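Please examine the model shown below.

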Amino acid sequence: MRLPSTPTGRARRAVALFAAAALATGAAGCAESERSSDSSSGSGGSGGSFVFAGSAEPVTLDPFYASDGESFRVARQIFEGLVGTKPGTADPAPLLAESWERSEDGLTTTFKLREGVKFSDGTNFNAEAVCFNFERWYNTPPGIAQSEDLSYYYGKTFRGFAKGKNTDGIYKSCEVKGELEAVITLTDPFAGFIAALSLPAFAMQSPTALDKYSVPAGKDPRKGEYANEFPTGTGPFVLGSWDKGSKVTLDRNDDYWGEKAKVDQAIVVAIADPGARRDALISGDVDGFDLVGPADISTLEDEGMTIADRDAFNVLYLGFNQAVKPLDDLKVREAIAHAVNKEEVVSASLPEGTEPATQFMPDLVNSYSEDVTTYEYDPELAKQMLADAGQSDLTLEFNYPTEISRPYMPSPEATFNVLRSQLRAVGITIKPTADQWEDYLGVTTGTAKHGIHLLGWTGDYNDADNFLGVFFGTKTQEWGFDNPELFDALKEARGLSTVDEQVTAYKKISEDVMEFLPGIPLASPVPSLAFAPGVQGYEPSPVQDEVWSGVTVEN
Amino acid sequence: MTRPVGVRSEPLLEVEDLAVVFHGSRGDVEAVSEVSFSVRPGEHVALVGESGSGKSVTALAVMGLLPLRSTTVRGSIRYDGDELLDLDARSRRDLRGAEMAMIFQDPMTSLNPVVPIGVQIGEVLQRHKGLRKTEAREVSGDLLGRVGISDGKRRLKEYPHQLSGGMRQRVLIAIALACEPRLLIADEPTTALDVTIQAQILELLRELVSGTGTALVMITHDLGVVAGLCDEVHVMYSGRVVESAPRRSLFGEPRHPYTGGLLGSIPRLDSARGEPLTPIPGSPNDALPWTHSCAFAPRCGNRVDKCTVQTPALRGSEHVSRPGDEQALRCFNPLDTREAS
Amino acid sequence: MSIAAPTEPSGAGQPTPVADVAGESLLRGAWRRLRRSPLAIAGAAIVLVFVVVALAAPLLAPYEPASTQWAGLVTPQSVPGPATDHLLGLDSFGSDMLTQLIYGARQSLIVGVVSTVLGLSVGATLGLAAGGFGGKVDTIVMRLVDVLLSIPSLLLAVSVAAVIGQSQLSVMIAIGVAQVPVFARLLRGSMMLQSKSDYVLAADALGIRRRRIVMGHVLPNSMGPTIVQATLALATAIIEVAALSFLGLGDGDPAVAEWGRMLVAAQERFGNDPRLAVYPGVCIAITALGFTLFGEALREALDPRQRR
Amino acid sequence: MLRFALRRLALLVPVLFGLSVLLFVWIRVLPGDPARSLLGERATPAGIKQIRELYGFDKPLLEQYWAYLGQLVRLDFGSSIRDGRPVTETFFEQFPATVELALFAILFAVVLGIPLGYAAARRRGEAVDGVVITGSLLGVVVPVFFLAILLKLVFAIQLDWFPTSSRQDPRIDATHITNFYVLDGLLTREFDASWDALVHLVLPAVALGTIPLAIIVRITRASVSEVLNEDYVRTADAKGLHPPVVRRRHVLRNAMLPVLTTIGLQVGLLLSGAVLTETVFSFNGIGSYLFDAISQRDYPVLQGYILFIALIYSLVNLAVDLGYGLFDPRVRVS
Amino acid sequence: MSAATDGDDADPLLKVRGLKVHFPITQGILLQRTVGHVQAVDGVDLDVRRGQTLGLVGESGSGKSTLGRGILRLGVPLTAGTVEYDGVDIAGLKGERLRKQRSSMQMVFQDPMASLNPRQSVETLITEPLLAHGKPVNSDTVGRLLELVGLPRGAALRYPHEFSGGQRQRLGIARAVALEPALVIADEPVSALDVSVQAQVLNLLEELQERLGLTYVVIAHDLAVVRHVSDVVAVMYLGGIVEEADSDDLYQSPLHPYTRALMSAVPVPDPEVEDHRERILLHGDIPSPADPPAGCRFHTRCPYRQPTRCDDERPELRVLRPGHSAACHYAEQIARGDIEPADAAQMVGTS
């Protein structure tokens, strides 16, 4: 998943675009009692407000033009897509579409829509609305709106637009078959289509509202009136206000078709620094926060806070740049693999509960293979293999990013540090090269001048292509190898029309990759959320499909 | 001198055996000691000496302006019969500016640069005469007129930097005389001024003080200023009075070698060109401690052996050649007056 | 953070004319005053200890610096504390804390001295050019300095560090560059002040060459405030290294024995293991205090007004 | 006076122009590019190229600068590359926060620093002086962020007297007019919001104000002890004025001049410190936003913010110089 | 002595004609605009004969120091006029030629502490100018010079701050005469010294003049000092010379009202004299040289001011009797007593 590139490391990541704090109207000491009396205007459920701290302010409230987790977090409360996910998994599940049917060739999908659903502006949700949305996406105006920065997921998933530079998309048409039946036709088969629709980018938005507050072509659509003030969806919350630079206030949608939200209000604030989020929770300024730092878990537990783990849907790896000798030598790569003690890497630098990884995808992905080659931790063997390869005096450049925290890589410096001590132990000299995140990405993915490096990925939906394809789909400077067989195999797998076919293909690819060993999958770190003791009903999701309608806050 | 000296009234100010000790980081320094003099109402007395002679310190001690923390004042300062050194800080403040006032040397720095002069004059009236602000302003304007600043009312709003040096000194005089003090101490009031302005200011002082019965203590290094103004002159050297005498005696027949030396070393406007000067050798820094010697001994032409081993005491007598003039002298081997003349 | 504001605490923003006191043997007078001041002695003692520790680090430290051999013992939740083989425990990245602190002194000394020398030499050269040539050169140099001064120094350092990348050198350059305008203005200011003094006029009257007047008279007499500033800049540098580390612009190697880096790395463990942050934090504060005390005492000792 | 102000304002023009050129070149010398930071770890070369073209980064530098200058003339500072928001909009949204913080910090420093400095000067060499001086020295040697963290740990987390972060409790539904939250609360009569914002300001302001406090203490001490030796203070004493009058009218009024200058010079220090303090307290000011703009090469934000800051920095110093006139009539006339 | 006409002597060493020094007063936003001038020296003619002492006397703002520096070309740009030294016009000299010229014209400064570089030892202080002019320096040079000014030879290794004020002034003099100049301009050479020390320095100056055949220009505000050392005295007021005469002549019978007032203002340390002296008190302050009065510059304060002419016409410096000139329209009448001071109250007798 594309997460905001807002740095979220320890410190400067303090883009405290918003933040939370104690309701210390009086003596600050009596914050607790003040708060409870303040938030008792609930008409249904438990009432009150739920204050949640993310790491950054949303970029936009029009999820189609968003690709960052913070925008999606808010979008998931306001909007719903045709497809959702099964709670606690990455698997697609019915949401606004009660069911769907795919044709044999995988090109046509017929969606049966849920009845009685209304947008929060009172208009009906129906097949016309579905087609309006699909057409809207397809007709994204050329220019800034089509840039990878804005319509990233549409570009990735549908691969092209009606007009503009890239018109080779796979979307063909949307047909209204009845009030509650819509048929989508693609030009090429795409097995991940349904899973991809679970992304908030493809949430259903009110055609009426979109028309009313339409953004002139050429203008930044993220900044229009619609995206700022009137995002209109079918979700359990509606936008109360977006106090720029401060907070997003969400009010309960009392006309929601499903189970109505239990809290009156949900407030999203941004606290960039994980330590500050921790402090804000402990001191009662917020009720919960995301992206808990591994070091904070025990502190939070000591303070009586609840930690909720998401199942890991990511992978962290140590990549080899084969453009650099002797990393092009498989023996050397294998030797390094034997030198790495994944258990220690996990215990020394990753959150508790994290499992070492065996391949370039987490076990939640349907194509996860149990039969990949594994490389046991064996420093002696590693030394021997290095000697055999004539590399007993090996010096390697080790690139790693600083001051950044990604869900798959909560503390890269610590991970680097423990890996370095392990590699040193087998006689490899490490030349550390640290860069800030953006520079680091430039160096490791934009140039050939790097050695071994740390990187990873958080998946968007349950599709192996979202991992393997992203990593190895084409020749890149990150890996520095040219392996047409692998590239072709991935291309072919992507075009397979059924999920079962795909699973088989991807398992095979995954196994091949682990023999080829372009890098060492280290672990799938467990992302954690933390909550105040009174918070109940928050369901963590591996793909962060977390809707707060079930959340209650007891003070 | 046309100024009425008046009958020999009781002294207004009597300083007796005054000593001032500064406590510094390098130990105590006795800046002034064994200083005695008195001033009667209407009398003009001069303290004369070079820099470091202790004349200004003496004045500050009389005014009570020495920092309490770092100085000790011993001896006796009686004002109108009351012992000032026994008074508390508040009572001394009540006297300052009202009963006794002081004019300082440098008019450039003695006025607060950021406060209009009207306020600076008015505040002393408000403090001691209980005037209200508007009344004080009225009186201040008049005062400026009295010290020769025309259009005084308008100038009350001006700041010191807008005035010339002479003007500022006039303002300082106005401040000092605002409450019609009975004792006025003028510390080098004209040193920083140009000659023609100096003459104006001296004349002004003379005018304002004469006939009012105000006692004046003039502190200066300029013997010329003293000659025309003061009745009694005390010459100080290195913290002590070395010679006291009525001015005619002192200028006519100086007895102390230092006084004589000073007079001999100053070029005089009325002396013939090329008349050689007889400088005092060395510099004031060469002074010995008074404790076991005469401080002036190293520079003294009349030095005898005794001078470097014994401290001369200040002894009063009648002037040798001017009977009736009392004088006091701190010297083992004074100048022979006949020789000097 | 920059603690040494370019102004004197004693004057209205003007450089102190040190010239009227400081002669070679006047320096002796300054030395005498320095020795009398307990604060100066305390400052000098701290500086001395610091320099000795920095120089003798290999002899004093029980282990190699940045030896992360105990990295495996560190977990996100805890860091092994003091024990017999590690008197102060381990640091956040599994090196011996005591060793890291000792080598940290060396690192601070290097960064402080190099950055200060850099800032001083470039700044003083600019100041000298401005003060020495005057006229157009002065105008151009001072405009440049104005431009640089209009950006807060930390921002300047941050942007420099961002260009050069994460390395010790870049930190030194960044801190040095941020000091350049301060030194330039200070030296130029005191040179201007000195240029107006009588002895310069006297030298001119004696027919001494302009070059010689500037280099032999004006410059030596203008160095006082600059030397004081350099001492204070050392303190600033040590603190600024920490600030840059805090902002993620320090030396890239997490295990490097550098106090600011250690302090920042320990920050996320502050709640449950304050020791990790407190040790380096205290080292920074004490060292900076030493240089500041010394610099302030030097300033007072060189200040002519102190002689009254 | 007016002439002086105009002259100084006019001098700003070349400085700002020079700065804009310097910045423009400087920023583009920075390695890395904004496209990379926008698109994250899986950016494709095509995507990067697209972004570069979109923002015109592929054009020659001179052409880019010319275009930028054209914008500037129309007072258009462009929009952030990261979030697309106009630079002026975000700046004026965040700047009040920084100003509010800096004002309270300087208020803290002045209110505490001047009396302390005065006391130290009056008792120079005594115990009080020693304590004040040592304290002020300690104040400057503790890294700002470390102090901020300590304050937060002790007063916000352990003692729970103050909130840990942000400018206002998110649960408060406050109306914001000026974005100076304390002021807004007063304007809208939402006094609880005002009070809450004030409470949020305490710790950051103390952390940020500590170094200025230390400096003000020392300047005040030096300045007051100098003024105490001035002839006009002796004149005032010679008038027998009451000590409070002497202190207020004659000592402090003069001693404040260098203090005022120093406060002006603190502006830069405050802005630097604000970056760190805002970070620790998640205080939504310009500091952290600008800092991220540097690392993410958000050219328009960098250029716009630094120009704004330089302008404000210069204006504040101009204001201080003009303010001098209020205290010092000598400046007023010239 | 009237510079312009006095031709009966050998060529004067220094001949100043029409010297003007105007300092621009500027203001403006970016470009400095000159809005006026401080007319520090405004048209001065002056001759100084070899071996003689010219005294320049005047109050603050009279331009006497500026004139001294203007003659030496010392940090003062000349606006107009010529300065002929030993027959050569040095007004236009620049750079190296001016520097070389300096060895023959030297200056003694008012504040001996400020004019000596505190970092230089006495030895360096004295040898530096010698070296700068390529003059021979040997082991004896410094000692000899120190002895010449009455300082012990041992002083060579000490530093300025170790000396008393008088000794420092001796150092300053030693430095000035080290280059064996013909002309020495002494700007307030004793005013910063203690009273008891002033005579030492004055005597030293006289002694050196005799021994070295120096020509002096002594600038001072103290009339008694000037009177004491000078052969010829020029009185300055607001940038111009108002009277110039042989010293004794001037003091015995001053012709310019300003000179009369000035001399009457100087107190004499003798009660007999003081008590009977008549004083002329001048009204008001000296006007600013940035805005000098039209006509006779002294007319605003002159007790003898006569209608219109004094206000409108600036008097030339005229020879009134041999060796005595004054710039006053009515000098003769005043001297004869034909014109009485307008305001009798200004005349104050103190007895």
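How many residue pairs are in polar contact between chain D and chain A, both at pLDDT 80 or more? In this predicted model, the count is six residue pairs. The elements of chain D that each give two or more residues to the side touching chain A are helix 2 (34-39), helix 3 (45-55), helix 5 (87-122), helix 7 (144-158), helix 9 (191-228), helix 11 (243-280) and helix 12 (286-295). Of these, helix 3 of chain D supplies the largest share, six residues. By class, this side of chain D comprises 22 nonpolar, 20 polar and 18 charged residues.

Two salt bridges are counted between chain D and chain A. One of the residue pairs joined by a salt bridge is D:Lys152 with A:Asp279, whose closest N and O atoms are 3.1 Å apart.

In total, 60 residues of chain D are in contact with 71 residues of chain A. The area buried between the two chains is about 4900 Å², and carbon and sulfur atoms give 50% of that area. Within chain D, the residues that lose the most area to chain A are D:Glu41, D:Arg42 and D:Arg171, which together account for 20% of what that side buries.

Chain A is assigned domain 1 (20-57 + 244-294 + 529-553), domain 2 (83-208) and domain 3 (314-524). Between domain 1 and domain 2 of chain A, about 670 Å² is buried, 63% of it on carbon and sulfur atoms. A:Trp257, A:Pro542 and A:Asp545 supply 64% of the area that domain 1 buries against domain 2. The count of salt bridges between these two domains of chain A is zero.

Conventions:
Residues numbered from 1 in each chain as written. Chains lettered and ligands numbered in written order. Predicted model: local features only at pLDDT ≥ 70, side-chain atom pairs only at ≥ 80, totals over all residues. Heavy atoms only, no water. Contact = heavy atoms within 4.5 Å. Buried area = accessible area lost by both parts, 1.4 Å probe. Salt bridge = Lys/Arg side-chain N within 4 Å of Asp/Glu carboxyl O. Polar contact = N/O pair within 3.5 Å; in protein donor to acceptor, adjacent residues only side chain to side chain. Helix = DSSP H or I, 4+ residues; strand = E, 2+ residues; numbered from the N terminus. Nonpolar A, V, L, I, M, F, W, Y, C, P; charged D, E, K, R; others polar. Domains from an automatic or database assignment.
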